[in-house]
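Me: I am new to this structure and would like to go through it by question and answer. Could you take me through it step by step?

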Amino acid sequence: MIFPDCRADLALRDGYHSPQVDVAVRLNTNESPYPPPEGWRRDLASAIENVEFNRYPDRAATRLREALAGLHQVRPDQVFVANGSNEVLQSICLAYGGPGRRAAVYEPTYALHSHIAHLSSTEVVQGTRRDDFSVDVDQVADVTAAARPDITFLCSPNNPTGNALPAVSAAEILELSPGLVVLDEAYGDFADWSAISMVDDEVPLVVTRTFSKTWSMAALRLGYLIGPARVVASLERVALPYHLDALKQIAGRLAVAYGDEMRRRVAAIVSERRRLQGALENLDVDVWPSEANFLLFRPKSRKGDEVWHGLVDRGVLVRNTSNWPSLPAGCLRVTVGTGTENDAFLSALEETL
Ligand code: PMP
């Protein structure tokens, strides 16, 4: 029997996958180290009692979108919700990309932007960031003039480098872009500035957010976008019917009431990030400034790969980005954990180095 081959271009770029090693301290996927608030768990447990499981969920996710609109002071028709911000990005590519269309990315950046673009048969146009990982707006102008991208992906704070895009650069890029500008703010709550304030029905800018990092709810798979109402309407055309289940809609809506707890968690992580940064500066590594919940660093006298193995041997898992094509060789990325986890990482690193 002849078995059909799947598309040859479906594999994720080499080097992206991170092995999940069973160790005590997992600092490799930028999750929150804290569980969600206890009160939220209780609210969710009692709300589940009333779910009509035999019925399809609210297709428009009305109450969740109202809650998110309230959180960001926008209108519910400016909010699109999906199963993780990756699915938001996929919806963007399906609606605004596709055959004959182009998406621009500026490497090194979040690998899923170009991957999802490829999956949707969107041509990827690649620019590069400066050596300090900042976006060079003059280069964006050149790439944009040459390729006329339908989508420009930017990530702020940028994964895996941690630096944020200055507001002036965002405004300049918006000014010169002929297509949709997507600002991926998965780590936006850890930074000083968010582009959500720039969202307007007449401006082709969308900002994507997630419950996976600041909200301590990576298991929930919930992400959303704030953008012009007409863009949200276009994204709804590519979303599958009832794509967001009832439990997720309730869980997300109830979470929004715990904004104060979330902000306290963010503040704790930011303060740990500063401590970690200071400690790394005293070791034999280069470390880059970060406005996210992770830090990129590079051992000066040892190979990144060896250091990664040394850390795993000591029970600490960080992201092995040492062979990522667009990063300087030998870099590693560590997620900011609890104080105890960060201490474990620092002593394992010191020993390994
Ligand atoms: N954008 C960026 C920049 C990310 O780092 C991640 C998570 N790795 C995502 C989006 C996807 O997040 P989610 O869990 O919401 O799909």
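Me: In this predicted model, is tyrosine 242 buried, partly exposed or exposed?
Reply: Tyrosine 242 sits in the loop between helix H7 (229-238) and helix H8 (246-256), and its phi is positive, about 55 degrees, although it is not a glycine. Its relative accessible area is 33%, and since buried means under 20% and exposed over 50%, tyrosine 242 counts as partly exposed.

Me: What is the phi of serine 121?
Reply: Serine 121 belongs to the loop between helix H4 (111-119) and strand E4 (123-128), where its relative accessible area of 38% makes it partly exposed. Serine 121 is a residue other than glycine, yet its phi has a positive value, near 60 degrees.

Me: Which residue does a cis peptide bond join to proline 160?
Reply: Proline 160 has its place in the loop between E5 and H6, and proline 157 is also found in the loop between strand E5 (151-155) and helix H6 (167-176). The peptide bond from serine 156 to proline 157 is cis, with omega near -10 degrees. For proline 160, the cis bond has an omega of about 15 degrees, and the residue it is joined to is asparagine 159.

Me: How wide is the arc that the buried residues of H5 cover around the axis?
Reply: In helix H5 (residues 137-147), the buried residues are Val137, Val140, Val143, Thr144 and Ala147. They lie on the same side of H5 because the arc they cover around the axis is only 115 degrees. The face turned away from this buried side carries the exposed residues Asp138, Asp142, Ala145 and Ala146.

Me: About how many helical turns separate glutamate 272 and arginine 275?
Reply: The side chains of glutamate 272 and arginine 275 meet in a salt bridge, with 3.0 Å from N to O. Glutamate 272 is buried at a relative accessible area of 13%, whereas arginine 275, at 34%, is partly exposed. Because the two are three residues apart in helix H9 (residues 259-281), their separation is about one helical turn.

Me: Which residue meets arginine 209 in a salt bridge?
Reply: Side chains of opposite charge can pair when their charged atoms come close. Here the distance from N to O is 3.1 Å, and the pair links distant parts of the chain, with arginine 209 in strand E7 (residues 205-210) and its partner 20 residues apart from it, in the loop between strand E6 (180-184) and E7.

Me: In which strand does aspartate 286 lie?
Reply: The side chain of aspartate 286 meets that of arginine 298 in a salt bridge of 3.4 Å, N to O. This pair, too, links distant parts of the chain, twelve residues apart, with arginine 298 in strand E10 (residues 294-299) and aspartate 286 in strand E9.

Me: How much of the ligand's accessible area does the protein cover?
Reply: Among the 13 residues around the ligand, Ser85, Tyr187, Thr210, Ser212 and Arg221 come nearest, and the shell divides into four nonpolar, six polar and three charged residues. A polar side-chain atom of threonine 210 lies 2.5 Å from an oxygen atom of the ligand, and an N or O atom in the side chain of aspartate 184 is 2.7 Å from a nitrogen atom of the ligand. Of the 410 Å² of accessible area that the ligand has on its own, the protein covers 92%.

How values were computed: Residues are numbered from 1 along each chain as its sequence is written. This is a predicted model: local features need pLDDT of at least 70, side-chain atom pairs count only at pLDDT 80 or more; totals for chains, interfaces and linings use all residues. Side-chain values use heavy atoms; hydrogens and water are left out. A residue is near a molecule or strand if one of its heavy atoms lies within 4 Å of it. A polar contact is a pair of N or O atoms within 3.5 Å; within protein, one must be able to donate a hydrogen and the other to accept it, and residues adjacent in sequence count only if both atoms are side-chain atoms. Accessible areas come from the Shrake-Rupley method with a 1.4 Å probe; for residues, only the protein chains shown count as cover. Ala, Val, Leu, Ile, Met, Phe, Trp, Tyr, Cys and Pro count as nonpolar, Asp, Glu, Lys and Arg as charged, and the others, Gly among them, as polar. A salt bridge is a side-chain nitrogen of Lys or Arg within 4 Å of a carboxyl oxygen of Asp or Glu. Helices (H or I, at least four residues) and strands (E, at least two) are DSSP runs, numbered from the N terminus. Buried means under 20% relative accessible area, exposed over 50%, partly exposed in between (1.4 Å probe, protein chains only). The arc is that of the directions from the helix axis to the C-beta atoms.
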